[in-house]
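Welcome! Please take a moment to look over the sequence and the 3D view before reading on.

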Amino acid sequence: MSSKTRINLALQGGGAHGAFTWGVLDRLLQEEDIEIAAISGTSAGAMNGAALKAGLISGGRGGARENLAWLWQQMGAVEDTRFSNWMTALSPFPSMFSAFFEHSIPFQVAEAATNFLSPYDYGPAYFNPLERIAERFHYDLVCMDCEPELFISATNVRSGKLKVFSGEQISAQAILASTCLPTLFQAVEIEDPDTGTTEAYWDGGYIGNPALFPLVEKNLPGDVVIVNINPLFREELPRTASEIQNRINEISFNSSLLRELRALTFTQQLVSTGLLQKKKMKDLHIHMIADNDLMNELSVATKMIPNPATLTRLFEAGVAAAEGFLARDRANLGVRDSVDLAAMFKG
């Protein structure tokens, strides 16, 4: 009998804040007895998931850690640890970085431009900066029919429905679709091989951030570890225009996850009261790794601008959050939820 604990990962999107997920994954990969069976990712979570799977297949746990580090170096992280530690030590608090970027003239101009300029207005000058990264993933490995299974979410622009790419459907275009914020990027058009029609896609965060239902398949384990990078709760009432817009963004990108978690909670209540037969339901155990204190200091500005010092702080926070999860909740894996879903939705 295997002594390994098999888990599924649900990786949220959130732009440059996905560096937090990088830290979480880096720490989990150091646990030899934890095995990743499946990954559902959206936006930055999709990129992390693709790098993780390709690295695992080509080089095991070490290869996965290296591939994730490569991804975030492409995004702006500093490779030299000594330099990144020095830079982080001299950097201001994350909240100061966030405020600086929010009030900087280039960010203000870019924000204003999205209100009256469409990505289609740039003509030949338009480009997607993520394309050079997405095209460099090894798709022979990313699409391989083996564990960890990979599911990538995008939003169908015309129907408003969720599209989950898996297996050979995953491509550079699918990843770009999952990361496509419509105010910044032109919709990504992908031909549906089943129908021959071309569909346009936007960021998957609007409909599935990330989608949990692919992880409920019978062949997959019952433990779902959600890496959350959009704060579920903010104590302070947003008052400035940027604070209000930032909170709208967070609520929007958490709504699909909360809907699925609420449905799971309702199902568990039906089982516990005997209204639904337990044998017809797969036992699911929900876990979450997050750092709400840090994410409450950040904003949409730090999502959009991958500053090296902020990426380093996010990575380190992810490592620490995973360490805390392992110390606090590892014993719950395979046994019970470590998230009180009933309390989450009470009131």
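Predicted model: local features only at pLDDT ≥ 70, side-chain atom pairs only at ≥ 80, totals over all residues.

**Confidence**
- Helix 7 (residues 139-142) has the highest confidence, at a mean of 98, while helix 3 (residues 81-90) has the lowest, at 46.
- Over residues 86-90 the pLDDT falls below 50, and this stretch has seven contacts in the model beyond near neighbours in sequence.

**Q12, in a loop**
- You can find Q12 in the loop between strand 1 and helix 1 (18-28).
- Q12 counts as buried because its relative accessible area is 0%, and buried means under 20%.
- The side chain of Q12 makes a polar contact of 3.0 Å with the side chain of N254, and another polar contact, of 3.3 Å, joins it to the side chain of N228.
- Leaving aside neighbours within four places in sequence, Q12 is in contact with several residues, including T42, G45, P210 and F253.

**T5, in a strand**
- T5 lies in strand 1 (residues 5-11).
- With a relative accessibility of 25%, T5 counts as partly exposed.
- Although T5 and I36 are 31 residues apart in sequence, their C-alpha atoms are 8.5 Å apart in space.
- Beyond its neighbours within four places in sequence, T5 is in contact with D33, I34, E35 and L333.

**Helix 12**
- Helix 12 (residues 308-329) has 22 residues, and from first C-alpha to last it reaches 31 Å, close to the expected 32 Å.
- At the start of helix 12, a side-chain oxygen of N307 comes to within 3.0 Å of the backbone nitrogen of A309.

Methods:
Residues numbered from 1 in each chain as written. Heavy atoms only, no water. Helix = DSSP H or I, 4+ residues; strand = E, 2+ residues; numbered from the N terminus. Expected span 1.5 Å × (residues − 1). Polar contact = N/O pair within 3.5 Å; in protein donor to acceptor, adjacent residues only side chain to side chain. pLDDT = per-residue confidence, 0-100. Contact = heavy atoms within 4.5 Å. Buried < 20%, exposed > 50% of the residue type's maximum accessible area, 1.4 Å probe, protein only.
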